[in-house]
Amino acid sequence: MPRTKGPVITELNDRSREIFRQIVEAYVETGEPIGSRTLSRRLTLSLSPATIRNVMADLEDFGLLYAPHTSAGRLPTQAGMRLFVNGLLEVGRMADAERSAIDAQCKAAGRSMEQVLGEALGALSGLSRCAGVVVAPKIQRTLKHVEFVWLGRNRALVVLVTEDGMVENRILDLPDGVEMSTLVEAGNYLNARLAGRSLDEVREEITAELEHQRTLLDSLTKRVIEAGLATWAGGESHSALIVRGQSHLLEDVTAVEDLERIRGLFEALETSEQFLRLVDLTRVADGVQIFIGAESDLFGVTGCSMVVAPYRDARERIVGAIGVIGPQRINYARIIPMVDYTAKVIGRLIGQPT
């Protein structure tokens, strides 16, 4: 999980930890600041409101709490939420009904992997009451066929078909002078080398062959093939992004400016660039990752958080990620195991025939 500068949990004594925990848990429950008198009724410790106020002042000096208004109670800062997640959070267990709901949506029989991912994401979004996001696997499966379809005006549609039936289409800009016969020749060349192999396995071989002029292809056909390889390489670094349940992010929005910030987040998710770069960070560590507010440029303006976990294929390679985006005060204890479980279920399906 990302770390922020500031105090570590061991720097707080037991009394400060318990008060801080109660403040965060109250914030997660209500989204409202809590004052010393209300807090005294929640604590198992016998402390006066004055003593609690002194502890709250110390926690504020640490940068863990802040007062939204002069006479208000306290709320956790982003650093406070990070400290809570890293040091005090007690992750709960999933309810059997939640497991069953996710299992039911992840059944792969008769459906494509994209359909399975979409259904699993819908279940995760509905159970968590957050927006759900999933990065679909990159095409690293063995390929069956590739075809170039002429679109006119120096453009072609490149169709990749995998042996398990997945189809991916890309638009390709063509060099001047390319004709239908050039596309047919490029397709025949690639099909002779791609069938039964993954794009990764064959890309270097084809590139080396073209560079060393070991083929009888004319220069235009070579350029079409090189452009196709470059297009697929770019596509692999920008995996498909599926988003479900965006409306959940609007449930707590009351101010117009907050609504505009959420809309900005939707637009950023649609372009997917920042999100996919963020998900790349999940590749450096196992398990669930948590990004809170301004720890990511993507969520800094909206104050949202993301809980995300990578999923792996049969070879234990990370091929995608699934998670949820919600307000900073989401119920991390409940949502973390939910995201983790969904990622593991999807991982077990990767590589299975659909």
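Modeller: Arg-129 sits in the loop between helix 6 and strand 3. The model is a predicted one, and in it Arg-129 has a phi near 60 degrees, a positive value in a residue other than glycine. The relative accessible area of Arg-129 is 46%, which places this residue among the partly exposed ones.

The strand that follows this loop leads into a sheet. Five strands make up this open sheet, in the order 7-3-10-9-8 and with antiparallel pairing. Strand 7 (241-244) and strand 8 (289-292) form its edges, each pairing on one side only. On average, and with direction ignored, neighbouring strands of the sheet are turned by 20 degrees against each other. Strand 3 covers residues 131-135 and runs antiparallel to strand 7, to which four bridges join it.

Helix 6 (residues 113-128) touches strand 3, strand 7, strand 9 (304-312) and strand 10 (318-327). The direction of helix 6 makes about 35 degrees with that of strand 7. Helix 13 also packs on the sheet, where it touches strand 8, strand 9 and strand 10. Its direction makes about 25 degrees with that of strand 9.

Four bridges join strand 8 to strand 9, and the two strands run antiparallel. Within this pairing, Phe-291 stands opposite Met-306 of strand 9.

Arg-334 belongs to helix 13 (residues 332-349) and Glu-98 to helix 5 (residues 96-105), so that the bridge links distant parts of the chain, 236 residues apart.

Nine salt bridges are present in the structure. One of them lies between Arg-42 and Glu-29, with a distance of 3.3 Å from N to O. Because Arg-42 lies in helix 2 (residues 36-42) and Glu-29 in helix 1 (residues 14-30), the pair ties together parts that are 13 residues apart in sequence. Arg-42 is partly exposed at a relative accessible area of 28%, and Glu-29 is exposed at 54%.

Helix 7 gives another view of the buried part of the chain. Why does the end-to-end distance of helix 7 agree with expectation? Helix 7 holds 15 residues (residues 180-194), so that at 1.5 Å a residue it should span 21 Å; its end C-alpha atoms are 21 Å apart. The buried residues of helix 7 are Thr-182, Leu-183, Ala-186, Gly-187, Tyr-189, Leu-190, Asn-191 and Leu-194. An α-helix has 3.6 residues a turn, so residues three or four places apart point the same way. After helix 7 comes Gly-196, with a positive phi near 80 degrees.

A further salt bridge joins the side chains of Arg-197 and Glu-205, at 2.8 Å from N to O. Both partners are partly exposed: Arg-197 has a relative accessible area of 27%, and Glu-205 has a relative accessibility of 34%. Elsewhere, salt bridges that share partners join Glu-18, Arg-21 and Glu-90 into one network.

These parts belong to a protein chain with 13 helices and ten strands. The chain has 354 residues, of which 47% are buried. Among its contacts with a separation of 6 or more, 62% come from residues 24 or more positions apart. The accessible surface of the chain comes to about 17,500 Å², and 48% of that surface belongs to carbon and sulfur atoms.

Definitions and conventions
Residues are numbered from 1 along each chain as its sequence is written. This is a predicted model: local features need pLDDT of at least 70, side-chain atom pairs count only at pLDDT 80 or more; totals for chains, interfaces and linings use all residues. Side-chain values use heavy atoms; hydrogens and water are left out. The expected span of a helix is 1.5 Å times one less than its number of residues. Buried means under 20% relative accessible area, exposed over 50%, partly exposed in between (1.4 Å probe, protein chains only). A salt bridge is a side-chain nitrogen of Lys or Arg within 4 Å of a carboxyl oxygen of Asp or Glu. Two strands pair if DSSP finds at least two bridges between them. Axes are lines fitted to C-alpha atoms, for helices over the stretch in contact, and angles run from 0 to 180 degrees between N-to-C directions. Contact means heavy atoms within 4.5 Å. Accessible areas come from the Shrake-Rupley method with a 1.4 Å probe; for residues, only the protein chains shown count as cover.
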